[in-house]
Amino acid sequence: MVKKLAVAFLLVVSIGLVGCGRSSEFGVVDLAKVESEAAQLKSIREEGIKELGNLQKEMEKALKNKSGDAKTKIIEDYRARAQVVQGNMANRMRNQLDGVVHQVAQKHGLGAVLAKEAVPDGGTDLTAEVLEALK
């Protein structure tokens with residue numbers, strides 16, 4: 001999920017900021033650090049994990065005394081519901097992160113923001129400011 005979030009983050013922020021034509025300067029953000037330390041993202045993740053746990057309990061209750069096709073159908077239904085929860089969680093995290101990164105980049109007049117892991121050298125490190133904004 002982190003890789004999908006990182007790719008989506010890079011595409012949205014880079015396209016959005018480069019399209020503005022502001023600057024050829026770029027920023028970098030340590031996505032792993034932000035995801036592991038940002039309180040707002042942790043909160044979203046915890047809510048999603050709690051919801052997935054509740055789904056698991058519901059599924060286990062629904063599966064009691066079921067077998068064969070009925071059991072398979074219940075599992076497929078709950079698997080689909082879990083995917084929706086995971087997708088919603090990823091979207092909320094991405095939207096939260098994109099908004100903050102965009103604001104920080106604009107403040108610095110940067111034309112793009114990339115994942116720090118993908119940039120061998122250069123760029124203005126925005127990680128600390130992004131973490132501060134996501135408290």
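In which helix is the place of Arg45? Arg45 lies in helix α3, which covers residues 39–63; helices (H or I, at least four residues) and strands (E, at least two) are DSSP runs, numbered from the N terminus. This is a predicted model, in which local features need pLDDT of at least 70 and side-chain atom pairs count only at pLDDT 80 or more, whereas totals for chains, interfaces and linings use all residues. Residues are numbered from 1 along each chain as its sequence is written, and side-chain values use heavy atoms, with hydrogens and water left out.

The side chain of Arg45 reaches the backbone oxygen of Glu35 at 2.6 Å. Not counting residues up to four places away in sequence, Arg45 touches Glu35, Met89 and Met93, where contact means heavy atoms within 4.5 Å. Arg45 is also among the buried residues of α3, together with Leu41, Ile44, Gly48, Leu55, Met59 and Leu63; buried means under 20% relative accessible area, with a 1.4 Å probe and protein chains only. These buried residues of α3 pack against α2 (31–37) and α4 (68–108).

The length of α3 can be checked as well: the 25 residues should span 36 Å at 1.5 Å a residue, and the end C-alpha atoms are 36 Å apart, which agrees. The expected span is 1.5 Å times one less than the number of residues in the helix. After α3 comes Asn65, whose phi is positive, near 65°.

Turning to the strands, three of them form an open sheet in the order β2-β1-β3, with parallel pairing, and two strands pair if DSSP finds at least two bridges between them. The edge strands, each pairing on one side only, are β2 (112–115) and β3 (124–125). Strand β1 (residues 26–29) is joined to β2 by four bridges, and Gly27 has Val113 as its bridge partner in β2.

Which residues touch the most other members of the largest nonpolar core? Of its 20 residues, they are Val29, Val34, Leu97, Leu126, Val130 and Leu134; a nonpolar core is a set of buried Ala, Val, Leu, Ile, Met, Phe, Trp, Tyr and Cys residues joined through side-chain atoms within 4.5 Å. Two or more residues come from each of α2, α3, α4, β2 and α5 (127–133), and α4 gives the most to this core, with seven residues. Leaving aside its neighbours within four places in sequence, Val34 is in contact with Val29, Leu41, Leu97, Thr127, Val130, Leu131 and Leu134. Apart from this core lies another, of seven residues, among them Leu55, Met59, Tyr78 and Val85.

Technical notes
Polar contact = N/O pair within 3.5 Å; in protein donor to acceptor, adjacent residues only side chain to side chain. Buried < 20%, exposed > 50% of the residue type's maximum accessible area, 1.4 Å probe, protein only.
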